[in-house]
Amino acid sequence: MNSPSSANFILCTAVLASALSASCSRKSSSVQLPKPSAFGTAIVESSGGKQIAQTGALLPQPVVVQVNDEQGSAVAGALVELQAAPGVIFDPANGLTDSSGQLATNVSLGGMAGRYQITASTTDTSRKRVELKLEEIALGYQQTLGSHLNTQYCGRCHNPESTVERVSNYDNLEVKPHPFSEGDTLNKMSDADLTAIITYGGPALNKSALMPAWGNTLSKSDTQALISYIRAISDPASRAAGPVYTRN
Amino acid sequence: MKQKLTSLWQKLFGDSVRAFGVISVVFMFSIAIAPAKNHFSEWRHYQHGYLKMIRNRSDANTLQRHFDSGIRQIWLPELGVVDRCTSCHVGMKEASLSDVSSQPFRPHPVIPHKLEQFGCTVCHRGQGAATTVAEAHNSTLAWEQPILPAKYIESSWGECHRGSLPGTPVLNQGRNLFSRYGCVNCHMVKLPNGTTMKATDDPPSLSHIADKSTREWIYAWLKDPQAYASTATMPNFKLTDDDARDISAFLIANSTTLPGDSVTLSAKPSSDPATGASLYGESFCASCHAVQNAAGNMVGGNIGPELTKVGSKVKPEWLQAWLQNPHSYDPGAIMPHYRFNDSQVATLSTFLLAKTDSDLLANVHLEAATPQQVAHGKRLVSDYGCASCHEIAGIKKPENFAPELSRIGSKSITQLIFLPGMPHTLPDYIAGKIKQPRAFSPGLRMPQYNFTPAQIDSLTTALLALNEHSTTPPPSLAVPAIPESNYQPAGKAGKLMSDLACFSCHRINGHGGDMAPDLTWEGSSAQREWLVQFFKNPGTLRPALIRRMPRFNLTDAEANELTDYIVMVYQNPAVDRDSMPLSGYSQGEIELGKELFYGKYACQGCHIVDTKTDKGYIGPTLTQVGSRLTAAWIYQWTKNPQALRPGTIEPNRAMSDEDARALTAFLISQKGGATKETAKK
């Protein structure tokens, strides 16, 4: 008579054990940090902030931060740690600054489209943490499509930067177009306004006829993709760009 | 101890009523486990969390109405989808939750497909039927399919979409690299349409290599191709000194001489050292070939090989013969046959031969090869599969040299051997193999490539797309690629076009490169006389472009031959070139066209008609468009540019017939007089 109950007990233990092992497998491994040979008082961005990449992808340039002392000169051998929302991968996630006081790290953004805040920190001699916050932009599918359309059609006039392969037409235009990152202007325009000006051209909003109508060339979903791209890259950030992902 | 146990046993089960009571309690407890497990389940926890989160939002009512408690499931038998992901990812379809930053409540980003029609695991992989976080996302002993990391997500799109999509740049790049670096020369990839993937690299034949290069250069190249040219396609085979010595010995011994490989020039190079550089510039060699400048930057295109150290590689007499006509050494060469005269060949070859690197061959000292070394070299050439890419006289192209990769994206991880410390997932394995192929076991022959981390990610994405699903998707979902046509023009003009390698830059009828304009309808668009003049002396139509059509020094007969063919054959049925006159428009129409050009349509934003006032740099300069294009083409083009050249960036303005006619009248009146006047001033 006691055999079914003991079978039940075994079952219970098995369930408990598997639940336990599942919870154990989630534990995080402790990271071995290198020992700093020097300490700074400030950490500054050298390059690599405000980059744009696809979700999950590597940023085109590494993020480079520099540790300085009180006089503002670079400190070699200081420990820098990088943190961000789950899903962001740093290679390396920590390290000592090189002889020019800098640490470069390759960053892959997380899987969700939006802005990712990256925190680079170092400690000063009194073990106080000094932080630097950077933002990077991850494009989802729709924004990537918009980015492609921007390169093909819009960027030739709206992007003032020239490259060897492509000379910008920005300087040749009597009425200057707004670069798409110009949040101060573009954030004030509603999606409906942007759709109108893309579809029917500048005169639709009493603006220059130098902005042609694209409604017969771009589809409605193309226009939406472009707007989502414009919202994603605007600086200062647009409200439509969604939340900023920070470390928890 | 034993006594204690016995007394406990007596207490619990000593009399039958008590035993019944105890067993009932135990049963009740065990029966309660199932509902308790359900009650404390993860999905219920997340659904509670969701309800708590939406409670204080302004759109709480709408969200509440959309909410449906319990395990949710998307079941699509045709796709093999049983996805319960939406049990926890509750707000997936709620666009208004876009300000929420915490998972699992984020809405799904906008995509072209509907969730109910495709489910989740079709793109994201993972275990759709699982209802716990760990089982759904991670790979466990029982579940092999973890969630696909976001950086490889485009691989899932590639399972159905075989062609390139504008929204999948990573996948497109990966597929291009896979062909461009000749991976498919060794690894066969069968495509679902029954064909095999083709390589797009163009490895040279080695059957006459002794005409072209020295054994010392071959040795240095074999040891480290990137030391000669950092952009070299050939990977590093990590050969030992002896192996490189023997392979170079075999290749030289195996090489036969081609009669046209050395020429006697009747002229000396120009005495002015600047002439070589200017001839290199005028001939637009840099459109295809790159040279590394002093600052370390590559200047030039990547269609032909890098020329930074070409003087250390080629023999002078071979280079001269090549410059005279590349097709006598390699009939399939993608380089055009410039009709250089002897003096130009001498000047250009002197200029190129000066591009040397004294360090490259400084330490290479090879004794004369012994027959044993040559024989050993031949064996190595077979072992390393050199003939998979290169044509080598006497060596057959090996078949199935490397594992087939048609279904690599479905490979079970139990069949893989991982490196220590490597995460046990298929994407990590593939990326690791591309990064360090030889690390996986001694004796592997796959060479070392120099891919950047981003390139490795994109190659991995392309490889993951080759899987069971991609080979057998439901037919309704497969979106086939547009096959590359193998169009070849016929006759004398066709031969001339191959000789000039027009298709290396231009595209006609779906075949050819994309550096220069598509010429499929060139016969409808260009005026005959302009074409002849352009062939003889190509001017530039787009001042901002650094790549331009080179001058091929064509004879009158050749220019006319080509023009006749183009005007006759490359005709668009919708554009009758004789339907509109090239002159005779009324002044009123011309004036109206001018008003439309500068006013309503603001064409000066991209084009230049009056060089004094207009600055537009995007489209071609139109100062002489009346002598260049046919009126019928201008008319049809203004009405719908994409209909004539799909993908062209000029917007379709949906012009009325009257506007289009007036603009045509204005543009056709631009015969180039204005430019000459300004030039005089």
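Predicted model: local features only at pLDDT ≥ 70, side-chain atom pairs only at ≥ 80, totals over all residues.
Now show the side chains at the crossing. On α2(A), pick A:Gln142, A:Gln143, A:Leu145, A:Gly146, A:Ser147, A:Leu149 and A:Asn150. On α5(A), pick A:Asp222, A:Ala225, A:Leu226, A:Ser228, A:Tyr229 and A:Ala232. These residues make the contact. Color them by class: six are nonpolar, six polar and one charged.

Next, go to the boundary between the chains. Here 41 residues of chain B are in contact with 40 residues of chain A. Stay on the chain B side. Select α2 (16–39), α9 (169–180) and α22 (453–464) of chain B. Each supplies at least two residues of the side that touches chain A. Which helix gives the most to that side? It is α2(B), with four residues. By class, the chain B side divides into 25 nonpolar, nine polar and seven charged residues.

Finally, zoom out to the whole of chain B. Switch to a cartoon view: the secondary structure comes to 33 helices and six strands. The C-alpha atoms fill a box of roughly 120 × 85 × 45 Å along the principal axes. The radius of gyration of chain B is 34 Å, whereas a compact globule of 681 residues would have one near 26 Å. Buried residues make up 33% of chain B. Among contacts in chain B with a separation of 6 or more, 65% join residues 24 or more positions apart.

How values were computed. Residues numbered from 1 in each chain as written. Chains lettered and ligands numbered in written order. Contact = placed C-beta atoms within 7 Å. Nonpolar A, V, L, I, M, F, W, Y, C, P; charged D, E, K, R; others polar. Rg over C-alpha atoms; globule rule 2.2 N^0.38 Å. Buried ≥ 20, exposed ≤ 12 C-beta atoms within 10 Å, placed from the backbone.
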